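Please look over the model shown here before reading the notes. The points are grouped by topic.

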Amino acid sequence: MERTDTEYYTLDDMFVSKAAKRARSGEEEEVQRRRAIHEHQQLAARMEKCPHCFDSSELSKHLIIAIGTKSLPFFFFFFFFFKQMFRNALVKMFEAKDLDCVFLETNMSMKKRYHMVYECIPLPKEVGDMAPIYFKKAIMESDEEWSVNKKLIDLSSKDIRKSVPKGLPYFSVDFGLQGGFAHIIEDQNKFPHYFGK
């Protein structure tokens with residue numbers, strides 16, 4: 001039982017006090033419920049217009065190879081393994097056609113969208129040979145002139161997951177089965193989502 005300083009605190013006062021607490025608790029729950037509904041509606045509207053979401057009319061579905069169906073924390077190891085499997089298969093397929101390819105990974109707007117985009121773009125051999133030079137120059141000239149993070153991260157000896165701090169937006173490019181470069185995006189408003197293309 002709660003105690004109060006007044007000696008005139010009656011049983012009726014106790015019931016009124018408890019009812020007031022329940023009413024406040026109900027109001028807080030209603031505010032949280034409305035907030036959750038509003039956030040869900042905002043997310044659904046963004047996903048409907050997202051050029052990378054499968055349910056969006058903006059997505060070119062004929063260009064998709066695979067879609068993940070598991071949540072990322074549980075599926076991360078398998079996702080990474082299958083990404084490497086697809087990467088190996090695509091490189092071999094393009095080599096058989098005397099083509100080179102680059103793999104672009106863009107992870108931006110993490111508060112607005114809950115996915116990253118991984119793309120494979122085939123190139124003629126002569127363009128593929130020059131691609132590292134062009135990407136290095138473009139990354140060095142992109143984003144902010146003065147940045148907090150290293151502008152160009154070499155991925156020839158380590159993986160993107162070990163190179164970019166967790167939670168930061170980034171762009172990375174890999175050249176066939178070789179390594180590539182990564183860039184931590186300082187200002188998402190100045191970095192176009194189509195940068196790699």
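The notes below go from the overall fold to single contacts.

This is a predicted model. The protein has 4 helices and 5 strands. Along the sequence, they come in the pattern α-α-β-β-α-β-α-β-β.

**Overall picture**
- Of the 197 residues, 28% count as buried.
- The protein exposes about 14500 Å². Carbon and sulfur atoms supply 57% of that area.
- Take the contacts between residues at least 6 apart in sequence: 56% of them join residues at least 24 apart.

**Aromatic rings**
- The count comes to 7 aromatic pairs.
- F171 and F195 form one that is edge-to-face, with 5.1 Å centre to centre and 85 degrees between the planes. This pair links distant parts of the chain: F171 sits in strand β4 (residues 170-175), F195 in the segment after β5 (180-184), and 24 residues separate them.
- Both F171 and F195 are buried.
- F191 and F195 form a tilted pair, 4.7 Å centre to centre and 35 degrees between the planes. F191 counts as buried because its relative accessibility is 2%, under the 20% limit.
- One aromatic cluster is formed by F135, F171, F175, F181, F191 and F195.

**Two buried serines**
- S142 lies in the loop between α3 (125-141) and β3 (153-154). Its relative accessible area is 8%, so S142 is buried.
- Leaving out residues up to four places away in sequence, S142 touches K151, H183, F191 and F195.
- S163 belongs to helix α4 (residues 160-163). S163 is buried too, at 14% relative accessible area.
- A polar atom of the S163 side chain lies 2.8 Å from the backbone oxygen of D159.
- With residues up to four places away in sequence not counted, S163 touches I153, L155 and K158.

**Salt bridges**
- The structure holds 6 salt bridges.
- R33 forms one with E30, where the closest N and O atoms are 2.9 Å apart. Both lie in helix α1 (residues 11-49); they are separated by about one helical turn because they are 3 residues apart.
- R33 is partly exposed at 45% relative accessible area. E30 is partly exposed at 26%.
- R161 forms a salt bridge with E105, the closest N and O atoms being 3.2 Å apart. The pair links distant parts of the chain: R161 in helix α4 and E105 in strand β1 (residues 99-107), 56 residues apart.
- R161 counts as partly exposed at 27% relative accessibility, whereas E105 is buried at 2% relative accessible area.
- The side chains of E119 and K197 meet in a salt bridge, 2.9 Å from N to O.
- K197 is exposed, since its relative accessible area is 67%.
- Salt bridges that share partners join E30, R33 and R34 into one network.

**Nonpolar surface**
- M130, I133 and Y134 form a nonpolar patch on the surface. Together they have about 340 Å² of accessible area.
- M130 lies in helix α3. M130 counts as partly exposed, with 38% relative accessibility.

Definitions and conventions
Residues are numbered from 1 along each chain as its sequence is written. This is a predicted model: local features need pLDDT of at least 70, side-chain atom pairs count only at pLDDT 80 or more; totals for chains, interfaces and linings use all residues. Side-chain values use heavy atoms; hydrogens and water are left out. Buried means under 20% relative accessible area, exposed over 50%, partly exposed in between (1.4 Å probe, protein chains only). Contact means heavy atoms within 4.5 Å. Accessible areas come from the Shrake-Rupley method with a 1.4 Å probe; for residues, only the protein chains shown count as cover. A polar contact is a pair of N or O atoms within 3.5 Å; within protein, one must be able to donate a hydrogen and the other to accept it, and residues adjacent in sequence count only if both atoms are side-chain atoms. Rings of Phe, Tyr and Trp (its six-membered ring) pair if their centres lie within 6.5 Å; planes under 30 degrees apart count as stacked, over 60 as edge-to-face and the rest as tilted. Patches are made of residues with over 30% relative accessible area and no salt bridge: like charges are joined within 9 Å, nonpolar side chains (Val, Leu, Ile, Met, Phe, Trp, Tyr) within 5 Å. A salt bridge is a side-chain nitrogen of Lys or Arg within 4 Å of a carboxyl oxygen of Asp or Glu.
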